[in-house]
Structures are given as C-alpha cells and as structure tokens.
Amino acid sequence: MGWLDRPASDTQISHRARLWLYALGVLVLAFLALPTLIVIPMSFSQSQYLEFPPREWSLRWYEAYFASPSWMAATATSFKAGFCTALLATPLGTLAAYGLHASRLRFAGIAILALLTPTIVPVILVGIALFYAYVQLKMVNSFLGIVLAHTMLAVPIVMMIVGSALKSFDLDQERVARSLGATRTQAFLRVTVPQIGFAIVTSAVLAFLTSFDEVVIALFVSGGDNATLTRMMFLALRDQIDPTIAAISTIMIVMTSLLLAVSQLLGKRDD
C-alpha cells in the first residue's frame with residue numbers, strides 16, 4: 001500500500017482522498033507568503049529603485065541601513081519598546097487570564113470582552129484616541145507613551161494565548177498545593193506557571209512582535225528622538241521609494257521567523 005492510500009487520520013480517510021485539501025493548503029500558503037518573499041530578492045538589488053527581479057545583485061541597501069544613524073536610532077527604539085512591552089504585557093495579560101479563569105464572577109464574559117476591545121476597535125481609532133489623551137498628558141513622542149500604547153495592544157493577545165492554555169489546566173492541582181500549606185501566590189508560581197510556561201513564553205514573543213511591527217499607533221504617538229522603525233519606514237515610503245526599506249523588511253522577516261521558531265523549539269523541549 002502506497003503513501004497515498006494510507007489513512008490520513010483516525011477516520012481512515014486516505015491521503016489520496018485529501019489531495020484536494022493539501023493542494024488548497026499549498027495555494028493558500030503561497031498566496032500569503034509569496035508577496036512577502038518577493039521583498040527578499042528586492043533587498044539585494046543594486047538599483048536605486050525597487051525592482052523585481054533585480055538586474056544586479058548587491059548589499060548596497062543593507063550597508064546604507066547599518067551606516068545610517070537615524071535608522072539605527074529608530075531600530076534601537078523599536079527593540080527597547082518591544083522588550084518593555086513584552087515585560088509589561090506578559091504578566092498583566094497572564095494575571096488577567098488567570099483571574100478570569102479561576103474566578104466565579106457572573107460577568108466574567110463582559111470583563112473579557114472589555115479587555116479584548118483594543119483588538120476589536122479599528123486601530124486607527126485607538127491611535128487617534130491615544131493621541132488626544134497623550135496631548136493632554138504631554139506624552140506625545142515619549143518612550144513611555146509608546147510602551148503603554150503597545151502594551152494596550154499586546155495584553156489581549158497574551159490573555160487569549162494564556163487563557164487557552166488555562167482551559168486545559170486542572171485547577172484542582174493548585175487547590176491541593178494550597179491545602180498543603182502553600183499560599184495562593186506560591187501555588188500559582190510553583191504549580192500553575194510551570195505547566196503553562198510554553199504559552200507564557202509564546203505570548204511574550206508575540207507581545208514583543210506586536211510592538212516591534214506596529215505602525216499605525218506609532219504614527220500618532222512616536223516621533224523625534226523616539227521614532228520607531230516602522231514609523232520611519234512608512235514615512236520613507238510616503239516621501240520616496242527607498243530600497244533600504246526592502247533590506248529592513250527582510251531583516252524583520254528573518255528576525256520574526258527566528259523568534260517564532262525558537263519559541264516553538266522551546267515548547268517542544270518542554271514537552
């Protein structure tokens with residue numbers, strides 16, 4: 001019996017019967033990935049304009065990126081903002097998910113909906129609201145303002161990931177630890193956290209990437225010495241078609257892929 005005739009699942013459906021599904025999956029992946037992958041060869045072009053395929057290959061635009069003080073300053077700001085966002089959003093989202101999961105609140109569903117609002121409301125409306133609030137608080141173009149704004153976007157993501165992990169966790173284990181003398185905090189840190197550790201690490205990575213890749217809110221609340229990398233990229237595209245952006249985009253694609261791959265490998269090792 002060949003591979004195509006072997007069962008693809010417990011339902012005994014063969015791989016041959018699922019060929020159409022595999023083909024559809026490949027087409028969807030190609031549709032999502034190919035536009036992004038086209039950027040990579042464009043970043044190695046010698047031309048001063050974006051072109052695909054490149055007629056001449058060069059590292060010219062990578063050199064321009066690393067040699068530019070303004071690009072480097074924006075990159076440092078984005079890395080610092082992403083790190084601080086992950087550091088702030090991960091514990092906040094984890095505690096919110098745990099509190100709502102462990103509580104018997106009658107209106108827990110409404111509380112969850114309220115906490116997920118930043119992911120439901122169009123991000124441009126969030127950016128406008130934050131801008132007017134920051135004007136009153138004199139936080140426009142401040143590093144703290146960027147971190148708080150990105151944390152607001154990242155907390156719901158952390159909540160959803162950790163909340164999903166908690167659904168498969170038996171709270172009775174924590175209750176047993178508390179019955180043996182552990183405080184609620186000790187039981188949470190020693191019993192619950194180790195078992196949802198992979199979800200917490202994954203949510204921290206995604207919180208960092210949420211901040212690092214975000215552009216709309218950054219256009220409203222960042223600038224000056226605290227301009228983020230994505231803001232500068234958007235402005236560069238608006239003012240001129242600078243191939244440096246293709247080089248930066250390629251670096252961001254590689255970095256994002258590596259971070260997600262490392263988080264998945266850590267999860268498999270924990271299993």
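Visitor: Hi! Which residues of α9 are buried?
Guide: Ala187, Phe188, Val191 and Thr192 are the buried ones in α9. Keep in mind that this is a predicted model.

Visitor: And how do those buried residues sit around the helix axis?
Guide: Looking down the axis of α9, the buried residues fall within an arc of 120°, so they line one face of the helix. In general, an α-helix has 3.6 residues a turn, so residues three or four places apart point the same way.

Visitor: Nice. What is exposed on the other side?
Guide: Thr185, Arg190 and Pro194 are exposed there, on the other side of α9.

Visitor: What span should α9 have, and what does the model give?
Guide: Helix α9 covers residues 184-195, and at 1.5 Å a residue its 12 residues should span 16 Å. The C-alpha atoms at its ends are 16 Å apart, which agrees.

Visitor: Switching to pockets: what volume does the largest one have?
Guide: The largest pocket has a volume of about 200 Å³.

Visitor: Which one gives the most?
Guide: That is α7, with 5 residues.

Visitor: Last one: is Thr256 buried or exposed?
Guide: Thr256 counts as buried because its relative accessibility is 18%, and the cut-off for buried is under 20%. Thr256 lies in helix α13 (residues 244-270).

Visitor: What does Thr256 touch?
Guide: Leaving aside residues up to four places away in sequence, Thr256 touches Leu209 and Asp213.

Technical notes:
Residues numbered from 1 in each chain as written. Predicted model: local features only at pLDDT ≥ 70, side-chain atom pairs only at ≥ 80, totals over all residues. Heavy atoms only, no water. 1 Å grid on protein atoms, 1.4 Å probe; cavity = no way out; pocket = protein on both sides within 12 Å on 5 of 7 lines; lining within 4 Å. Points joined across faces, edges and corners; volume = space filled by probe spheres on them. Helix = DSSP H or I, 4+ residues; strand = E, 2+ residues; numbered from the N terminus. Expected span 1.5 Å × (residues − 1). Buried < 20%, exposed > 50% of the residue type's maximum accessible area, 1.4 Å probe, protein only. Arc of directions from axis to C-beta. Contact = heavy atoms within 4.5 Å.
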